[in-house]
Amino acid sequence: MLTYIIRRVLILIPMALVICFLVYLGLEMTPGDAVSFMISPDALSSMDPAQLAEMREALGLGQPFIVRFWIWLSSLLQGNFGYSTSGGVPIGRILSDRLPATLELSVAALVLSTILGSLLGVISALKRGSKTDSALTVVGMLGVSVPEFFFGLVAILIFGLNLGWLPVGGRMMPGYVTFWDRLPHLIMPASVLSIMLTAGVMRYARSSMLDALSKDFIKTARSKGIPEWRVNLLHGFRVALTPVVVLIGFRLPVLLGGSVIIEQVFQWPGIGNEFISAVRGQDYPVVMTIALLSVMTVLVASLIVDVLTAVIDPRVRLGD
Amino acid sequence: MTTNIKLAKRTRLDSQFDKIRALEEAGLARSAGGSRFFNKFKNNRLALIGLIIFTIIVLASICAPLLTPYDPQKIDLRAILQAPSWEHWFGTDRTGRDLFARVLYGGRISILVGLGSAILSAALGVVIGVYTGYVGGWLDALAMRVSEIFMAFPQIILVLLLVSILGQSLLNLIIIFTLTGWGGIYRLSRARMLSLREEEYVLALRSFGLSRPLIAYKHMLPNALGPIMVNITLSTAAFILQEAGLSFLGLGVPLSLPTWGNILNVAQDLRVLQNNWWIWLPVGTVISLFVLSVNFIGDGLRDATDPTQQG
């Protein structure tokens, strides 16, 4: 097991390095000087040129490209992400400000879609070939076909503007202390974000449940006279659900991508929202850093999924 | 007991089999003619509905000048924000442009972006995947690593990153979609080639002394075409969704061109959202219907090309 994990990590490291290198290449090619990225503009304007030249020297900007890359990478690993070109705020601070909102939204959408998706998938597997099954298939298809932001717009119109049940956007208001104060703001974006995920989980859970139900141990359980609901729930569902849980890791890219647009629709102050405004303002250091972080998140998640799969299913370990 | 009840319950699949059996007994089973693929596709109700919706929307976009007298770009300040009427079927937007014309002409560009990017990225993925999958070795390993890097990015984030570097234009968007979208189809065609290259006819061709590209592209590729077609269909749907999302954010096709996403762009304004439903609701419905129909077609193609499925 340990050797398997070590081997997976060893595959991951060169890839992460190459991605960092590409991102750095992008940073070097886009307009702006590394000094202006690392020092806030206020400080920059008050410095005299000699001092700046000295700083460039100290930062190693006269050095060959590969050395500069190394300096950038090591400062990244120490948590120094540089500065945003607009406003001169440290990127690290922007991220730590925005991350909780994105995490809150993502976790809510993940939980919602996992529960709803596996439930609907199992129902449609148990009623295979029936009207319910076909209806759920069509609904699932709608879920992946209708643009997420369009769902968002319709939801805002109905629940936010016409009925007035939920706030149309934002997250924090003055006077909010606990999570429960923010909950009304979370409901709409999280539900809309989970629609596409739910459709995916439903499909997967359906085929996984069908697969489990065709296994011999289900026949054994039936022949022992165990009631049908117990067979389905305790024997089928449990086996079918394991791969669905592992699926969470694979859904992460979809989730990260979807939250970029949904955060914009609902003015949710998360990383995705920051990313869009950075793209609009051509704030390359922020764009690159967020892109880099999202890739690293996906890579780490896929590593965790692989390890979990190996824990559950020993065949994976031996096969690779 | 319970299994008996289950057996007694007739599912749709049962009735389908009954129908087939009845046809066979009447000696009509094969009389329909045409290929098995076509018959299977024809029998899939959802795929057929999808094909009809798809054809209507594509034809309407192509024949836009015949269907509407309005110019999608013409600003008419005497007719701003009009609700749908006989004169303007979908109403007018904030600068008095006819929305029905904009949806039709916008469809041209949205479909061009979706279909064009899907075909280009499929071509790129197939060209790389078929050859490296057949040849193997370091070339294959290199292509695999490169695709892994591309696929590690959440797609929309990579697209936006490239938009910020390359700038916004119709051509750039198609290039960016092609660059970010080839990974999936590359993997698919490579995997097909890995199993195909063990076939005996490939060995025979090799012993004839045929060149590697000839074997790979001319003799092996046609056997991998089914799944590739399905993938092109499904990625068309995905690209149209992405274009709509990006343009909705104002970061896709430049706003001067009408596309489905660009029409929706104004709906970010809550006043438009609440008071002028005709600006965003019809076009959103058209996008959804179109993507839905493409997905139905893709599913139908998958079932029809999959020989393990009966019916």
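Predicted model: local features only at pLDDT ≥ 70, side-chain atom pairs only at ≥ 80, totals over all residues.
## Chain A: helices from end to end

Let's start with chain A.

How much of chain A counts as buried? Of its 320 residues, 35% do. There is also something to say about which parts of the chain touch each other. Take the contacts in chain A between residues at least 6 apart in sequence: 74% of them join residues at least 24 apart.

## Where chain A meets chain B

Now for the two chains together. On the chain A side, 39 residues are in contact with 37 residues of chain B. Six stretches of chain A each supply at least two residues to this side: α1 (2–29), α7 (131–145), α8 (148–162), α11 (228–265), α12 (271–280) and α13 (284–312).

Which helix gives the largest share? That's α11(A), with seven residues. Sort the chain A side by class and you get 27 nonpolar, nine polar and three charged residues.

## The annotated span of chain B

Over in chain B, an unreviewed UniProt entry lists residues 107–298 as "domain: ABC transmembrane type-1". In the model, that span is 83% helix and 0% strand. Its end C-alpha atoms lie 20 Å apart.

## Two helices side by side

Have a look at helix α12 (residues 225–249) and helix α15 (residues 277–305) of chain B. They pack at an angle of about 165°, and their axes are 9 Å apart. Angles over 145 degrees count as roughly antiparallel, and therefore α12(B) and α15(B) are roughly antiparallel to each other. Their crossing is left-handed.

Which residues do the touching? From α12(B), they include B:M229, B:V230, B:T233, B:A237 and B:I240. Among those on the α15(B) side are B:I287, B:F290, B:V291, B:V294 and B:R302. The residues of this contact divide into 13 nonpolar, six polar and one charged.

An α-helix has 3.6 residues a turn, so residues three or four places apart point the same way.

## A hardly covered helix

Finally, find helix α10 (residues 200–207) of chain B. How many of its eight residues are buried? The count is zero, so to speak a helix that is hardly covered. Just after α10(B) comes B:G209, which takes a positive phi of about 90°.

How values were computed:
Residues numbered from 1 in each chain as written. Chains lettered and ligands numbered in written order. UniProt positions renumbered as here; feature names shortened; annotations may be inferred. Helix = DSSP H or I, 4+ residues; strand = E, 2+ residues; numbered from the N terminus. Buried ≥ 20, exposed ≤ 12 C-beta atoms within 10 Å, placed from the backbone. Contact = placed C-beta atoms within 7 Å. Axes fitted to C-alpha atoms, helices over the stretch in contact; angles between N-to-C directions. Parallel < 35°, antiparallel > 145°, perpendicular 65-115°, else oblique. Left-handed = near helix turned anticlockwise from the far one by under 90°. Nonpolar A, V, L, I, M, F, W, Y, C, P; charged D, E, K, R; others polar.
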